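Please look through the sequence and the structure shown below.

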Amino acid sequence: MNVLILSHNPDLPEKELIKALSSRFNVYTAGELPEDSRGKEHLSLYLPLGRLDFRPTKHLINWSRRMGITFEVALCFNARFLLSAIFCKKLKVVRKVITYRGTLGGVSLLDPSAWFTFRSSALDKIICNCQAVATSLAQHGISEKKLEIIYKGHKSDWYQKNETFEGTADFVSALNFRFSKGLFRLFGLFRDLPDFSVGIFGKVPAWARLQAPKNVKFFGFLKEPWRFYQNFKGFILLSSKEGVPKAVIEAIFKKLPVVSTSVGGLREVFSNDAIFFIDDLKNRDELAELFKKIKCGESQLKDITEKALFQASLRLSFDDYVARVINLISNS
């Protein structure tokens, strides 16, 4: 079976999934992937700025014709490549199209290109990384028949690397700037809790950084920031629009206590005694007490982090992830 994978800078689980799929199918890749994740043939394909960009489609069709093959399945890890896969199907270069969805919302009429692509009759399946994402898509009018819930898998031995880091802070967070990621909530929280500090890995524009209190520090964008997590006491996520946030999972595998909004599918994976879920940011006194316990490294934190790690290993199994994606592709 010929499988086309469209991706751009895949994360670690996606890279390992591509390798696993390559041992089962004839995998061809297009997009921007590291050399060790490329399939039998690879087409370097720029990621279009907008989804309604037809140039990647033209490159894919010409590439397919040069090789003299068609694809039974196209698997899109990036929604911006989805339109290209859909047109490739209509032009009989691809027989089935599967895409991945890892966040809530974003497919309303406020985003016309996503509204069109996710509702297209040419789109066969959407892999949702948790029930919350599937529910969100269904609420936006996506047919439930298209939705397949598959949790993204991880392996604990991926996260063994520890590296020193010059930046210092009590807590850490990882986010690229979007309003829904909770950056300004984080600013407000630490402005009211000056005895604690947080460092942020990710792309944050200068105008946003100017609004931060002094105890919020910016470390810039780094690949695999979890390599430095052992330098911090805990991880904080205040996002309002997620599925199962990869940054949270990475922190858990690094055995950091996690403080998070109960966004997306986190409660599907973790119990209340494995993550410090906060649904109300208004009670600053309670949050100050929680932060103090984490900063001081109280003894019960070890039990909490071990429980979170056990639940992540059990419910986010990489082997199960691979098996379910293989089954989905095989039955498409």
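Two strands pair if DSSP finds at least two bridges between them. Helices (H or I, at least four residues) and strands (E, at least two) are DSSP runs, numbered from the N terminus. The model is a predicted one, in which local features need pLDDT of at least 70 and side-chain atom pairs count only at pLDDT 80 or more, while totals for chains, interfaces and linings use all residues. Residues are numbered from 1 along each chain as its sequence is written, and side-chain values use heavy atoms, with hydrogens and water left out.

Begin with strand β9 (residues 198-201), which pairs with β10 in the parallel sense over four bridges. Within this region, Ile200 stands opposite Phe218 in β10. Both strands belong to an open sheet of six strands with parallel pairing, in the order β10-β9-β8-β11-β12-β13. β10 (216-220) and β13 (276-277) are at the edges with a single partner strand each, so one side of each has no neighbour in the sheet.

Helix α8 (residues 246-253) lies across β8 (171-174), β11 (234-237) and β12 (258-260). Its direction is about 165° to that of β11, where angles run from 0 to 180 degrees between N-to-C directions and axes are lines fitted to C-alpha atoms, for helices over the stretch in contact.

Next come two helices packed on each other. Helix α6 (residues 183-192) and helix α10 (residues 284-296) pack at about 85°, with their axes 10 Å apart. They are therefore roughly perpendicular to each other, a label for angles of 65 to 115 degrees. Gly188, Leu189, Phe190 and Asp192 in α6 meet Arg284, Leu287 and Phe291 in α10, contact meaning heavy atoms within 4.5 Å. The residues of this contact comprise four nonpolar, one polar and two charged; Ala, Val, Leu, Ile, Met, Phe, Trp, Tyr, Cys and Pro count as nonpolar, Asp, Glu, Lys and Arg as charged, and the others, Gly among them, as polar.

What about the interior? A nonpolar core is a set of buried Ala, Val, Leu, Ile, Met, Phe, Trp, Tyr and Cys residues joined through side-chain atoms within 4.5 Å; buried means under 20% relative accessible area (1.4 Å probe, protein chains only). The largest has 94 residues, of which Leu4, Leu21, Phe235 and Phe270 touch the most other members. Helix α12 (residues 318-330) gives the most to this core, with seven residues. A second, separate core of 25 residues includes Leu175, Phe187, Phe196 and Ile304.

Notes
Angles under 35 degrees count as roughly parallel, over 145 as roughly antiparallel, 65 to 115 as roughly perpendicular and the rest as oblique. Buried means under 20% relative accessible area, exposed over 50%, partly exposed in between (1.4 Å probe, protein chains only).
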